[in-house]
Structure formats: structure tokens, C-alpha cells
2 protein chains.
Amino acid sequence: MDKKILSSADIQQFEQRYRATFINSLGGFKSICLIGTKNKSNMSNLAIFSSIVHIGANPPLIGFVVRPDSAERHTLENILETGFYTLNHIDTEILEKAHQTSARYPREVSEFDAVGLTEYYQDFFAPFVKESHIQIGMEFRERVDFTINDTIFIIGEIKTVSFPSDILKEDGFLNLESAGTLTCSGLDSYHTTSNVSRLSYAKTESWPTRIK
Amino acid sequence: MDKKILSSADIQQFEQRYRATFINSLGGFKSICLIGTKNKSNMSNLAIFSSIVHIGANPPLIGFVVRPDSAERHTLENILETGFYTLNHIDTEILEKAHQTSARYPREVSEFDAVGLTEYYQDFFAPFVKESHIQIGMEFRERVDFTINDTIFIIGEIKTVSFPSDILKEDGFLNLESAGTLTCSGLDSYHTTSNVSRLSYAKTESWPTRIK
């Protein structure tokens, strides 16, 4: 296998867009969701995020990274103003619409309308994406500013979850693959998944086995 | 489609292990890597992490979450002691070995030896996994403590990268799928990917097109 080795000096010399594409690819496949919000005047917003991170199970917490100079800033403003937002999984049927939410629509345009996804409320302040198979209602909990590059990390608590009944397995595992949830690589590459296996809990005195 | 809706009260009542499995599944497919470290006495450590996050391209930054009460604590100690670590992608050939690093081996056992992966040095302080197709050398930059649940977020800067030459595309995109990089769902489910499409940069006045 022919290997390529790059130093930080090589990466530094990349053209800006090339470097963004390269570095965004490096870390592996990413969790993607549509984040739905509205402001206090009921103006809704929808944006795709690719840096969703599990933070903890008790309390149930999920975090994500926001770049405040981007199309993502309306999402951040609405979350800080109202305290609520939704995470909505993306499948191939809504992929182009989901991706299109990353265009820089002005404040007075709702991306729900602009891309043709349906704003949907169910006992929750923030809008869900009706077409999404897995929907999570979140309440804002903690904001952390990363001083190194002025990005912001938002942590929220899971308040409500909706998903197809048949993807919940007896041990609590959700089969996202059968629900059609996509993953993302780099800035713009979307992928379905194929299960290799689940592996048994690792113990020092035995070897992991494949479980179904 | 039969839908199941759960409230935070429902989630609260889950048995602990069931809840961990459920909440870990919810956020979508995750980036996974083996993190290689050693301490100042040259004792090496290797651990699998599933919360690798892109933080920025300039400077090139990647972050990850550490739970300090877990098998991950040796990784954290070594990074804080020495300032260096490696991220190594996981493919099906090394999957079981990679998963097995999550067993709670004692301090004096190197997971490289315990699971049968090869510790490898190339002009860098921290050990790479020789069998891994994509290897990234990282320097520690910022530590953030999330007060809400005592997890720790570690941000590092990319110092060196090694990958198969043929996965680098002309715009800087790395085709991780052709390199065999896996993604993870929940605590223990591993998946290959199948490319749906790359989509063109989103603009308000046009619709995204599929690009190759």
C-alpha cells in the first residue's frame, strides 16, 4: 500500500477550502442531525449539524459544536434565547433538503419553508421535522467556549424521544441502520451503513464475541 | 409506521445499563478511533474512543470526550503528562482487537500487547497502531471540564497524518470508505458504510446536486 505522510507544515500550506475539506474528513464518520429551533416571536429555523456527541446517559446529555460565524448562528441564538431545540435524524429521502439547510438563508426565511420540510409540534416548544424518523426534544444545559478557535460547545438534556417502535431492541439498543439514519464524512459526503457486528462487553480475561 | 414516544421520566426509570445503551444509540453514528499514548516511563496505552469531533481546520483541531472514571483514564493521564497522542482509524481486520482495548487492563499492561496490535513510532513521541490505515499524530492543546456530569473534553492539534495515497481526492477529500474506516452505533455496534453521494455546496438560489 502506497502511503502518504503529511506534516503540520504541509497542512498549513493547503489552500483554505482544500484544508477544510481535508481536515473535516480526517476524524472519521460523523453523526448528523437537523437542529430545529424557533425564537420568541415564533420564527423557526432549521440547520444541519455534523458534530453531535454523546456526553452522558445519566442525566441523558448530547452535545454539539457551533461555529458562530456561519449559517449556524441563528440556531445558537434561538437556543440561548428560548432554551429548547430538537435533533432530527436524516435519511436518504430527506437528504438533499437537509443538506440545503446549510445555505445562508436570511433571518426572516424559515429553512423549513425554503427546503420543503414540515415544521411539527408535539408537546414541545421547539419544532420537530415531521419527515424525520427519529426525533429528540432537547433542553439547553451548558455552554462552553473553546478559546483556541472561538467555537462554542452546547450541551443539552434529552427531554423527549420519538422513534419507530420496531428499532428498539430488548437491551435498549436502537437499530439506527434499519431506521435509515445516515452518517457523514467530510463536509458533504453522505453514507448509509452496513452492520458488521455488535461485540460483547470487553473483559480482560476473555475475547469479545459477535452478538446479534 | 408504529411510533414510540418516551418522556424524560420514562428514560429516568430505565435500568442503568439499558439506559446507557439507549442513550448512546440516540445521537447517531459515531466516529471511532484507537488513541495511542505512553507515559514518561515509556509505558504505552491504547484505548478505543467513540466521541471524536471535528473542531476546526485552521488551526487543524480534533476533540474527544473522556469519562475519567472509566478504562479511559490512563489515556487522559498520559496525554496530560506528555502532551502527545495518536488517533488511529479502525477497519474490520482489527475490529475485535480494537474493541478489546476497552477491557479494564491494569496500569502495568499495555493494551498493544494484550490485544495483539503493533506499537509503532515514526518521528513522533506517541505510539501509532501499525495495522491502522489512517494514523494521526496529535499535540494536546486545550482541556475543558464539563461541570454538568464531570466528563472532560480534550482538544488537540493535528501534527502529522499518514494514509493510503489513493484515498486523497483532488479537492482534499479523503475517501474513508475505500480505506475501510468503520463507524459505531451505541456502545458496541460497528458498521461499514456505503456512499450515497457527495452534494454540492449549498446556496440559497440553487438546489444541491450530486457530485462524484
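A polar contact, as I use it here, is a pair of N or O atoms within 3.5 Å; within protein, one must be able to donate a hydrogen and the other to accept it, and residues adjacent in sequence count only if both atoms are side-chain atoms.

**Ground rules**

I'm working on a predicted model, where local features need pLDDT of at least 70 and side-chain atom pairs count only at pLDDT 80 or more, while totals for chains, interfaces and linings use all residues. Residues are numbered from 1 along each chain as its sequence is written, chains are lettered from A and ligands numbered from 1 in the order in which they are written, and side-chain values use heavy atoms, with hydrogens and water left out.

**Entry: S44(A)**

I began with S44(A), which sits in strand β4 (residues 44-49) of chain A; strands (E, at least two residues) and helices (H or I, at least four) are DSSP runs, numbered from the N terminus. Its relative accessible area is 5%, so S44(A) is buried (under 20% relative accessible area; exposed is over 50%, partly exposed in between; 1.4 Å probe, protein chains only). What does the side chain of S44(A) make polar contacts with? I found the side chain of S110(A) at 2.7 Å and the side chain of E119(A) at 2.9 Å. Leaving out residues up to four places away in sequence, S44(A) also touches others, including T37(A), F112(A), Y121(A) and P127(A) (contact means heavy atoms within 4.5 Å).

**Entry: around β11(A)**

Next I looked up strand β11 (residues 151-164) of chain A, where 13 of the 14 residues are buried. For pairing I need DSSP to find at least two bridges between two strands. β10 (residues 135-146) of chain A runs antiparallel to β11(A) over 11 bridges, with G137(A) opposite T160(A). The hairpin of β10(A) and β11(A) has four residues between the strands, and D150(A) there takes a positive phi near 60°. β6 (residues 60-66) of chain A also pairs antiparallel with β11(A), over six bridges, and L61(A) has E157(A) as its bridge partner. Chain B joins in too: five bridges link β11(A) to β1 (residues 3-7) of chain B, again antiparallel.

**Entry: salt bridges**

My cut-off is a side-chain nitrogen of Lys or Arg within 4 Å of a carboxyl oxygen of Asp or Glu. The whole structure gives 16 salt bridges over all chains. R141(A) and E157(A) form one, with the closest N and O atoms 2.9 Å apart. R141(A) is in β10 and E157(A) in β11 of chain A, so this pair ties together parts 16 residues apart in sequence. E157(A) is buried at 12% relative accessibility, whereas R141(A) is partly exposed at 35%. I also noted a salt-bridge network that links E139(A), R141(A), E157(A) and K159(A).

**Entry: chain A against chain B**

How many residues does each chain put into the contact? It takes 113 from chain A and 113 from chain B. I get four salt bridges across this interface and 55 residue pairs in polar contact, both residues at pLDDT 80 or more. Strand β13 (residues 189-199) of chain A supplies 11 residues, the largest share of chain A's side. Nine bridges join β13(A) to β13 (residues 189-199) of chain B, and the two run antiparallel; N195(A) stands opposite H191(B). One salt bridge here is D188(A) with R198(B), at 2.8 Å, N to O. D188(A) is in the loop between β12 (183-185) and β13 of chain A and R198(B) is in β13 of chain B, so the pair joins two chains. Both D188(A) and R198(B) are buried.
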